[in-house]
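Please open the structure in a viewer and keep the selection tool at hand.

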Amino acid sequence: MLLERQTQLAQLDGFLAEAARGRGHVAVLSGEAGAGKSALVEAFIGAASHGTRVFRSACEDLSIPDPLGPLYDLAREAQWAMPQAIDARRGERLPLFSDALDVFEARTQPTLLVIEDLHWADDATLDFVRFLGRRIANTHILLLLTARTDRSEGQVRVRRALGEIPAGSVARIDVPLLSEAAVLSLAKAAGRDGEAIYRASAGNAFFVTELLRAENETALPASVRDAVVARAERLSAGARAMLECVSVFPRRADAWALTGLCGMASAAQLAECVSNGLLDDLGEFYAFRHEIARRAIETMLTPSHRRAFNQRALAALLERGDIATARLVHHAVEAHNLETVRELAPVAAREASRVGAHRDAVGYYEVALLQADTLPAQERAELYEQYAFECHLIGRIDEAIKAQQQARALQQALGNVLREGDSLRCLSRFAYLLGDRRDADLFGAQAVALLETVPAGPELAMAYSNLSQLAMLAERLDETLSLGAKAIKLAEEVDRPDIVCHALNNVGSAEQWLRLDNGRLHLSRSLEIALRENFQEHAARAFTNCACCGMNQLDYREAQSFLDRGIDYCVENDLATWRDYMHGVRAQLRLRQGCWDEAASEALDVIGNDQATALVRYPALVALAKLRIRRGDPSAEPLLAEMKRLLEKGAELQRLLPFAAVIAEQAWLGEADKDEALRLIGLAESMSPTRAVFAELAAWRQMLVPDIEPGDTAGMAVPYRMLLAQDWPGAASAWAELDAPYERALALAQGDEAAQRAALDIFEKLGARPVASRVRDIMRRNGVIHIARGPRRTTRANGAGLTQRQMEVLQLIERGLSNKRIAEHLAISPKTVDHHVSAVLGKLDAISRGEATAAARDSGLI
């Protein structure tokens, strides 16, 4: 009997009815292990209308996940030949996922797709969920997922994937523990002590079931594991051995495989396990009723028995011949069968990489490298190179560098100049991604010097393009163009459009400061080639540089378009590094547009990602540091310290410029050393290839030293040029046209009394209290009277009258979380969060979230 699940079933029924009308949805059942998610799925499927197509799958607790394992299950049930589809699409995920959508979408009837245990999913499966979720609204599909609510890495990845599905298309349905009343009701029906069972189980549905089946009610098992083991001990010796055999199979055991595993698959023994409630008979398969039970039996095996059972399982699966490589590697690892691991782990890695499961590819390469000592040097070098590449794709740059250094040493010992030179070029790129500019330059120059000693080929073309990119990133424009031209010429000769694409990106990014139209043309061509040829990393880089070009030229509409498209592209293709970098740039754009809460939330998403490197985090650090300084938040200091550490590894102008601007703004507010700010501005001026690059810092220098000569303003953006010419009305008007309220207010602050009052109003509305205070000081020194004091501040910590829940919401607002993120964090509905936020703003007499946090800090609330 399914108790206390009527609300969840009603929600699912509603979503299925919506799907039948062509409005698809993603529903996520979440709860702790044993809460009853699978039982709820069974009940829902059992009650689904007869016109519903139902396809089921689940993720497995393999040592390394099986790439797209659940999609293979769904495809088999739908009678879709997925292996052939993968080959036809050359492993490209988006066309493959589009094919899957066509298979599952039936416009004449609803389709229910079930993927259980998503917390064990591989990256490619999460990409499929993300892909389908972003398109499901106009389909007849209900995608039903189950996932645990623990704080494992898998659950974090699930939350991130679901967070990239439009909010209106995904619903999280909590599966809570059973209440005491429910447990008492179940116990009464079984004639058992309900209070004792509730005390032992805390309402965990699976544990409750196990305890109700326990024979000795006076001495209840202390855990689910004890309960399962106690029932297993009541089996006959043969049935117990059969149960142990099945336990080494994650998720389920094929009936045919049990013969090879145990020597014989006795129907009586299996029936005994089923009748005692330990196994479910699924026709061609046998499975434990819950993963908790399987793990309880598996952990009772001695190491030697566990290895032996896995070796027999491996032998049976190998004999079958059509088993996923991931499952074979799992059993080979568990059996300590090193020969098979050496043979199959690299195959599994390449298969995973082919479908975009890069995290899983890394895992397989790690397993392979543990057993690689006996391989020939060339094979080991190739393994290290492939491992390094996969590591860099998922942001593990330290490991990528170590592996690439191993590969380089092996290639050097083999006398393979081409491969050694290419290794040096890779090391240059990885060092740059780690923020080490000095090593990036060193390795890049070494790569070119070595490759120029042998006949020119694609390796040298890419090495030239790598140096061109490094020059572009350092704003050495002439060097960028000359090296880029060399790379393009050689790449075209050897027919390598990927290298042409890469070099065009460098050239276009540099030309924006010299010949803007040419720069945009080359960037556009780079993006066109990347999208046409499916050069995913090149496409992501092109989107990024096109967006940054728009930001540099103050064309915010263009920047917004490229950022939105680029982030969507990276989400679809699991390009986490570029996605996070663009999120940081978009946070800066949101800041310019006056959308400060959105800027904080977007920047925090990046900074909260432990996998993001310092280089990838930098744009988000800039946005959040500026925001916190403007709101008067002392927590800006750790962000500035991180930015400074990156600059110490190589003061590239593109990173020095925003850092110097932040310090200058702090100095103008009286919170940083003015001389240090001017020193940084002078350093940036000395490195700037054109005056256009220096525009913002020239404006800050004039605010710090009003009498200083602005210097040459040719080529600078219009608002900066006006400001430096003392035309503050024109500058304010130009910023207003660009919809940049903070910059407009800064221009107004340099004007007459009416302009300063207008600036004060803008700063107050934005929540920029320290800036508003600075403008008031300027107005007072100019003799202005009757200056508005700003919003009233709460003076005592308990004076605001906030409830405990409102205090929790306030603390999350202070961290920059959006209402949606707060709802997820507190496990409450977004609508409830809206009410709490409104109450917090009202009680703190604030008109914005920034104002509320500033008032809360002043009053000692946070």
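A salt bridge is a side-chain nitrogen of Lys or Arg within 4 Å of a carboxyl oxygen of Asp or Glu. The model shown here is predicted, and the structure holds 62 salt bridges.

**First stop: helices H21 and H22**

Select Arg408 and Glu420, which form a salt bridge whose closest N and O atoms are 3.5 Å apart. This pair links distant parts of the chain: Arg408 lies in helix H21 (residues 397-414), Glu420 in helix H22 (residues 417-433), and 12 residues separate them. Are the two partners buried or exposed? Arg408 counts as partly exposed because its relative accessibility is 23%. Glu420, at 8% relative accessibility, counts as buried.

**Second stop: within helix H22**

Next, select Asp422 and Arg425. These residues form a salt bridge, with 3.1 Å between the closest N and O atoms. Asp422 and Arg425 are three residues apart in helix H22, so about one helical turn separates them. Asp422 has a relative accessibility of 22% and therefore counts as partly exposed, while Arg425 is buried, with a relative accessible area of 16%. The cut-off that decides this is 20%: buried means under that value of relative accessible area.

Move on to Glu642 and Arg617. Their salt bridge brings the closest N and O atoms to 2.7 Å apart. Here too the pair links distant parts of the chain, with Glu642 in helix H33 (residues 636-648) and Arg617 in helix H32 (residues 614-631), 25 residues apart. Both Glu642 and Arg617 are buried.

Now select Arg93, Asp127, Arg130, Glu164, Arg579 and Asp580 together. Salt bridges link these residues in a network. Side chains of opposite charge can pair when their charged atoms come close.

Which residues of the largest nonpolar core touch the most other members? Among its 240 residues, they are Phe104, Leu118, Leu143, Leu145, Trp668 and Phe763. Centre the view on Leu145. Apart from neighbours within four places in sequence, Leu145 is in contact with Val26, Ala27, Val28, Leu29, Ile115, Leu118, Val129 and Leu162. To finish, select Ala253, Leu301, Phe309 and Ala313, which are included in a second, separate core of 39 residues. In soluble globular proteins, nonpolar side chains tend to be buried together.

Methods
Residues are numbered from 1 along each chain as its sequence is written. This is a predicted model: local features need pLDDT of at least 70, side-chain atom pairs count only at pLDDT 80 or more; totals for chains, interfaces and linings use all residues. Side-chain values use heavy atoms; hydrogens and water are left out. Helices (H or I, at least four residues) and strands (E, at least two) are DSSP runs, numbered from the N terminus. Buried means under 20% relative accessible area, exposed over 50%, partly exposed in between (1.4 Å probe, protein chains only). A nonpolar core is a set of buried Ala, Val, Leu, Ile, Met, Phe, Trp, Tyr and Cys residues joined through side-chain atoms within 4.5 Å. Contact means heavy atoms within 4.5 Å.
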